[in-house]
There are 4 protein chains.
Amino acid sequence: MEYFPEVKKVSFEGKDSKNPLTFKYYDPDRLILGKKMKDHLRFAVAYWHTLKGVGSDMFGAGSWKRPWETVSDPMRRAEETLYAAFEFFTKLGVDYYCFHDRDIAPEGQNFSESCKNLDYIVKVARKLQNDSGIKLLWGTANCFSNPRYTHGAGTNPDPKVFAYACAQVKHAMEATQELGGENYVFWGGREGYETLLNTNYALEQELFARFLQMAVDYKRELGFDGTLLIEPKPKEPTKHQYDFDSATVLGFLRQYNLQDEFKLNIEANHATLAGHTFQHELTVAAAAGALGSVDANTGDMLLGWDTDQFPTNIYDAVYAMLVIQQAGGFTTGGLNFDAKARRGSVDGLDLFYGHIAAMDTFARGLLIAVKIIEDSMLEQFIADRYAGYNSGFGAKVLAGKADFRQAEVLVTANEEPVPASGRQEYLENLINSYI
Amino acid sequence: MEYFPEVKKVSFEGKDSKNPLTFKYYDPDRLILGKKMKDHLRFAVAYWHTLKGVGSDMFGAGSWKRPWETVSDPMRRAEETLYAAFEFFTKLGVDYYCFHDRDIAPEGQNFSESCKNLDYIVKVARKLQNDSGIKLLWGTANCFSNPRYTHGAGTNPDPKVFAYACAQVKHAMEATQELGGENYVFWGGREGYETLLNTNYALEQELFARFLQMAVDYKRELGFDGTLLIEPKPKEPTKHQYDFDSATVLGFLRQYNLQDEFKLNIEANHATLAGHTFQHELTVAAAAGALGSVDANTGDMLLGWDTDQFPTNIYDAVYAMLVIQQAGGFTTGGLNFDAKARRGSVDGLDLFYGHIAAMDTFARGLLIAVKIIEDSMLEQFIADRYAGYNSGFGAKVLAGKADFRQAEVLVTANEEPVPASGRQEYLENLINSYI
Amino acid sequence: MEYFPEVKKVSFEGKDSKNPLTFKYYDPDRLILGKKMKDHLRFAVAYWHTLKGVGSDMFGAGSWKRPWETVSDPMRRAEETLYAAFEFFTKLGVDYYCFHDRDIAPEGQNFSESCKNLDYIVKVARKLQNDSGIKLLWGTANCFSNPRYTHGAGTNPDPKVFAYACAQVKHAMEATQELGGENYVFWGGREGYETLLNTNYALEQELFARFLQMAVDYKRELGFDGTLLIEPKPKEPTKHQYDFDSATVLGFLRQYNLQDEFKLNIEANHATLAGHTFQHELTVAAAAGALGSVDANTGDMLLGWDTDQFPTNIYDAVYAMLVIQQAGGFTTGGLNFDAKARRGSVDGLDLFYGHIAAMDTFARGLLIAVKIIEDSMLEQFIADRYAGYNSGFGAKVLAGKADFRQAEVLVTANEEPVPASGRQEYLENLINSYI
Amino acid sequence: MEYFPEVKKVSFEGKDSKNPLTFKYYDPDRLILGKKMKDHLRFAVAYWHTLKGVGSDMFGAGSWKRPWETVSDPMRRAEETLYAAFEFFTKLGVDYYCFHDRDIAPEGQNFSESCKNLDYIVKVARKLQNDSGIKLLWGTANCFSNPRYTHGAGTNPDPKVFAYACAQVKHAMEATQELGGENYVFWGGREGYETLLNTNYALEQELFARFLQMAVDYKRELGFDGTLLIEPKPKEPTKHQYDFDSATVLGFLRQYNLQDEFKLNIEANHATLAGHTFQHELTVAAAAGALGSVDANTGDMLLGWDTDQFPTNIYDAVYAMLVIQQAGGFTTGGLNFDAKARRGSVDGLDLFYGHIAAMDTFARGLLIAVKIIEDSMLEQFIADRYAGYNSGFGAKVLAGKADFRQAEVLVTANEEPVPASGRQEYLENLINSYI
C-alpha cells in the first residue's frame, strides 16, 4: 500500500520554486567546503512523532488519522508502520531515522515477549534499510511511558524496576547495533523527582551513575562501537530532571568519571526550557569536546512545555550551524527532527511540509554559517577582542604562571583600564547582512 | 549620634506579643538539640542592602533618606555608616555581618587610594567588632559595579582588567582576614556574557578557572583559613552568568580540579531564577558536601529579576532548615540576609521590620525542622521507600557488582513490578501538620 | 461493590490527631461568623480528575488502576463510576461535585446517542444526589477533547463545528438544570489560536461573543436560574487562549455587553500561568462584582503547564479566603478542587489524602482570614493609607469634580509630598503572626 | 561642538554595502504602495535612552561617557544635550523623536522651577525642530522616577501626589502641544502595586480612571489635537502594573467609558513580558481600532525584565509590519525606538549602529510584509478557512440570528465534522520564502 500517494519525491528546485513540496535550499549533493550538504547535515526523522504520533495532547484525543494505524493486530500494525516510515523517508529524501524500542515494536505481555517483538521488527527494518540505503542515526529504549517507570528507571526506588531498565536498555542497545545505529541515546524521561519530600537525591544520583556505568560495561562486552549520548532536559515529565542541562550532565559525568564515555545530544527545545539558548547549550557541549548530536526542533518561548515544533527559524539554524561547523561538524551525530506537526496539522501532507520547512531552514543555516566563517569578520572580531592574552601578563595567566602579587604590581603601575565596546548591535546587524 | 532612636533592643517576647519590634520565635540562647538557636542560625546582616541601599531601581531614584548618608566627605560618611551599622546590628541582636570592599569604604582615585581607604575603615570596623562582639561572616570584593568590569572581571577580554580583579580580590581577602571573616565569597556579577556573538566561551571558562586558582594560591600564601565560597546565579546583571547554579559550579570546579577548595553560598532568589527551588539548590550542594553558607532572601516567582526580598515564607524556611540540619548544620557559614526593604518601605524602621520578620521566619523554620527530624516520620518514609537497595540485586548495584546480564535474568524471572505510591499529598499534609 | 473499603468516613478529630484520614481543621458544622464552615467553603470534588483521571501524562500511560474502570461496557462503566463517585463524596464528607458532560457519560456514535447516554446517566445521578444529599455545584460541556474541536468550539473556522458546540452546550445546560446545578461553567479549552498566521482574530472574537449570547438566550428560554461562569486561562491546550485572565474576560464581556450575564470562575493554577497571583485574580474579579466561583488547586511556579495539584499552601488559602470573605462570601459558587493526585500517587487512598490536605488547608485559611478580618489591623492599615481621599481635593477627585487646573494650584502651594512607608515587611510578618 | 565627528550622514547604499554606517534597506524616499518608506515607518529616536542613558544597571554605574554630560550646570547641560540630539537625529536621518519632560529639562527645586526649566528648553527645541525639520512624535511626563511617586502617580494613596501628577501631566501636555507633538503618551510606571496587602485595588482603579478623565478634559480645554496613547506593561518597576497588556487596558477604558479617547502605544518588550507575542498585542489593538503607535524594541525571551534592546529580528519586524499595514498603516503614530545600546556598547558610535540595525530591520520588515500582502497567499488562506461564515448558518450566527435550537437541528442532521488542516508548518515555510 502507498501511504503518501499525494507525494512523489521531494526534490530540490531552488529558491524561486512556488511548489511547496520541493526544497528551496536543501540540495543534498551540493558540495560545501568539499563535503556534500547531506553529509554536513545528516538529517534524521524521529519515528515516534512522525510515525507514531496521533495529534493528542493533555486535553484532547488524537486528531490525526493515519492509515497505518488502522491495522488491528499490533505486530502487523508495527510492520505496516515500518513500510509507511520507509516510504516517507524515501520520498522525503532523508538519510537517517531514530527510534525508541517501543516505537517500532509493541510491548508484549512480559519482557520476553517484548524482546521477541522487537527482534522480529528489527529484522524487517534491517531489510528495509538495506533496500533503501537509509540508516539508523540512533536507537534508544523508552524507559518512561510504561507505568512501571512512574518513579524512574535508572533512579527508581525499587531495584526491580532498576533491573527492568537495565534489561530493556541491554536489548535496545543490541537492536541498535543490529541495525548499524551510529549512536545510542539516553534520555531519562523519569530520572528526576516530583517532590524532594519523598526523594533521596544523593542515592538516586549514585544509582544513575551505576546505571550508566553498567551500560558502558555492556557496550564494551557487546562490542558496540557507536557513541553513547545523554540528552539533557530540565523538566517534564518530572518536576525536576537530573539531566537538567549540558553543564549539569557534564559535571555529573566528571563526578563519576564517565566523561570519556558519553557525549551530549542537544535538543533546542530542552535548551530553552532550561533557560538557555540553543546556541548556548551547543557551545557548552562543544567547549567540552562533547557535542555528539542534535535534536533539531524549536519550542515556543512563551510556553512552558516541550512543544517540539519543527524548526523554521533561520536565526536558530544559523547560530546552531556556526557552532557545529566551528566544532568540526558531525562525526557520528546528525540533525534529528524531534518535532511533531501541530495538532491542527491533521494531514499526512503536513508531515512533509514540516520536514521540508525544517530541512530548508537548516540548509539555509548551513549556507549562511559557512559564508560567515569564510568571511571571518566575526571570528576576527573575537580574536582581536581577546588579543591581550597572547602576550605579557595575559599569556602568563593562561600558562598558569601568574599570581595575585604580579597582578597588584601591574595594576598599581597601569592607568585605569577603559572598556572597549562589545559592539553587540553592530554584530547583530552583521549577521542580518548574511540572511 | 543615635541613628535608630525609635528602637531600643529587639528582644524575644514570644508568639503572643503584639509588639512588632520583638521576636516571637527567635530566642537566641534557647537550646535546640544542645546548641543555642543563634549558633544554629548564625544570622548576618548584608551591609550593602541595609546600610548602603537607597531604595532606587532602574526606573527611579532612591526613596530612602538615611541620616548617615548626609555626611558629604566620603571617608567620614563611610565611618558614620559603620557606626550606624553597628548600632543596627546591636539593637537587632544579630551576631554577624557581611560586606563587599566597596560597601564599607569608597573607591579612591586609583587602586592605591582605594586600598588606603579600605585599610582605614577596616581599622574602625575592627574596633567596633571588638567592642560589640559582632563578627564578620564573610567579606568579598565588588568586581562588578565599576565600569571597568563591564565585560567581566576574572573573565574579562582585557588582561588589564583581569589583573585589576586579581589585585582587588587580594586586598579584599586581606581585609577579610584582618577582620576575622569566617569565609570569603566569590559572586561573579559580570562573569558571563551578553551575547555569544562577541564571546570566546571556552577561553573565558579557562580564565575563570585560572582566576580562582590564583585566589586559592594566595589564600595559602596569606594563611587565610576561612572557607572560600562561590555563589551561583544564572543571570542578571549579565544575560548569562557562568556560575549558573549549584550543579554548573560543581561541574566547573571538578573540571579544573578545584572541588576541594570551594564550597557554595546558596541564595534563595538565585535558585528560583535558575529554575530550581531553594531546597533543590541546598540539596545539590549538600549532596556534594559543598553546602557552605546561605544568602537567605526570597524572590518573587512571578518576576524575572533578583528582587532580594526579606524571606518571610515559613515553608521556604522549614525546607531550608531541614536540608541544613540534615547536612549537619553550619560550620563557617550562616544565614546572611541578602535582602532589601521594598522601595516603598522608606523608613529606617522598615529595616528592623524586615530583619525581624526574616529572623522569626527562620527561627520558626528551625523549630519546625527539628521537630520533623525528631519525629522521623519523613525520614522513615524515605528509608522505607529505598529499602530494596539494602540487600540482593539492589545492594549489588550500589556496590558496583551488578551488570546488565544479571538484571535481564532477574527481570525474566520476576513478575511485572508495580509502583508503590509516592504519597506526595500525604507528605505535604504531614508537613502542614507541623506548621 | 465498595470501592474504597479502606476508608470509612473522614471525620474531624482536631489538630493533634495523628490519623492521616481525619480532618485536623475542617469541622463542617462549626459556626464561623454565624455560618457553618461547610457553607462558607462549599467544597466540591472535580469528577474528571478524581473519578476519570488515570494518572497519564504526555510521556506515559495511566499509572492508576481504578476498579470502576475495569467494567468493559461504556455505559455500565459510567454507572459504576457514579457509584464509586458518590461513595467517595460521602466518605469524604463533601457537599458538592462538578462535571463535564463527557466525564459522566460516554460520547456516542453520533450526537443523538451522546445525548441519550447523558440523559440516562443524569437520571442515575439524580437518584444518587437525592439519596445522599450531595449537590451539583456546576456542570459544563467538554468542547475540547474530541478532535472535531481541534480548531475551537465557539470560535471554530467551520460553522458546522460551531453549531456542534452550541448543541452540546444546550444539552449540557439542560443536564445541569435537571440536576439542580447552581452554576454552569464555560472553559474554552480550544478557544484561542496556535498561530496568528492562520487566524482571523477579530472574527473569532466576534464568533465567541455570539456563542455566549446564544447561551444567554437559551438559559432564559430554559429558565435555568444558576449563574453562568467563565473560567479564564491564558494558554494550554492552545498557544494563546482568548480568556487569558480576569481582566481580559471582563473587558471582552463589556465590549459585547455581556457583563451582567457572566461571572468568573477563578482557578489558582490559571492565575499563575497568566503571570498573576491567585489573590490578584480573585481581587480583580471581586472588584468587578464578578467573583463567581473558584477552582481551588495549585500550580508549580517553576513549571509552565497546568499541574493542577491539590492546594496545600496555607498562605494561598489565607489570601484567597480574605478576598472571598471581604467580597461577602460565596453565593452560588464554591471551592471546587480542580486537582489531581500526582501520577506517582497511584492508590485510591491518595484521592483521600489529596482532598483531606486541601480541605484542611482551606479550612485553616478560612479560620485565619476570619481572625485577620475580626482583628481589623490589616483593614485599618489600608483605610488609614488612603484616608486623604475622604476630604478636600481627594474627595473631589473621587466625586469627579476635580481638574488639572485645581491640581496645579495645589501643587504650587504645597510642600513637596513625602512618601509614607508602605510597610510590606511589617505586613508580611503580621500575616505570619496569624499562621 | 560636533558630538559625533566620526559620522557624517548615514545614507542608503543598498544591501551589498560593506560600510556599517549605511542603510542596506532603509531608503527613505523610495515609494512603497504609493507612499514614501519614511512615511510608512515614521521612525523616532527615544530621547531618554539615546541621549540621557549612561549605561548603568542595578549592579553597576554608567559605562558610557557622553561629552554632552560633562557640562556641570544642569540647564546648560540640558541645552547641550539637545544640540547633541539634533546632530544625532540629523546624521541618522530620522524624522521624529520622543521625550519625557524630565529627559529634556532637569527637575527644579520645586514645581514652578521645573516648569520654568521645561519652558526654556521647549523654546530651544522648537527652534531646533524648525531648523532641522525634525518633528516630535510624542511627549510624556515622567511620573515615576522621582521618589514622590514611589507609591504611584495617578493611583497614589496620597492625594497630594495625585495632584502633583495632574499638574505635571498638564504642563507636559502643554509642552507637547507647543512642539507640535502628534501624540501624548501615558506610561504608568508606578501605577500598580508592590503587594496587595497594603493596596485598595478597587479604589486605585477608580483613581486611575479619574486621572485619565481629567487628562481628557484638559486636552479639550487646551485644544491639543494629538492622540492620547496608553502604553501597556505588565510589571517592572512595580510588581504588578495596572496597564498589564492591551486587553486589560481596553477593558479598563471600556469600563470607564474612555474607549474613544485613547489608543494604545504597543511596546514589543512589554508584550513578551506579559506572555504575549509582539504580533499578538498589535493584533489585539488593531482589532479594537486602537493601534496608535509602537515602541519598537525587543526583549530577551530568557530574561524577565525590560531589556529594551534594539530590534534586529527580521521575523518580528515582518509580523509587526503585516499587522500595521493591514490596519491601514500609521496615522499619528510611528515606530519609536525605545531601545538602548547594551551596557558594553560604550561608544557614541554604538548609538548609530543600534539605530541603523533597527531601521534596516524594519525597512526590511516593511518590504517583506508588503510583498506578502501583494501576493495575497496568506490572506487568501485565511479567507478560505473561514469561508463557511459567508452563508447559511454561519452567516446567521454573525448576523445575530442564530440560536441553540437551530444548531441542534443542524448537528442532528449533519455528518460528524472533520477538521481541515491548519497548515502551520506550511505557512511558516511560506513566510520564510519571503525572507
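**Exercise 1.** Locate B:Glu2 in its chain and decide whether B:Glu2 is buried or exposed.

Solution. B:Glu2 sits in the segment before β1 (31-32) of chain B; strands are DSSP runs of E of at least two residues, and helices runs of H or I of at least four, numbered from the N terminus. The model is predicted: local features need pLDDT of at least 70, side-chain atom pairs count only at pLDDT 80 or more, and totals for chains, interfaces and linings use all residues. Residues are numbered from 1 along each chain as its sequence is written, while chains are lettered from A and ligands numbered from 1 in the order in which they are written. B:Glu2 counts as exposed because it has 11 C-beta neighbours inside 10 Å (buried: 20 or more other C-beta atoms within 10 Å; exposed: 12 or fewer; partly exposed in between; C-beta atoms placed from the backbone). Its C-alpha atom is separated by 45 Å from that of B:Asp260, 258 residues apart along the chain.

**Exercise 2.** Describe how α12 of chain A and α16 of chain D cross.

Solution. The axes of α12(A) (residues 348-375) and α16(D) (residues 424-434) come within 8 Å and cross at roughly 30°; axes are lines fitted to C-alpha atoms, for helices over the stretch in contact, with angles from 0 to 180 degrees between N-to-C directions.
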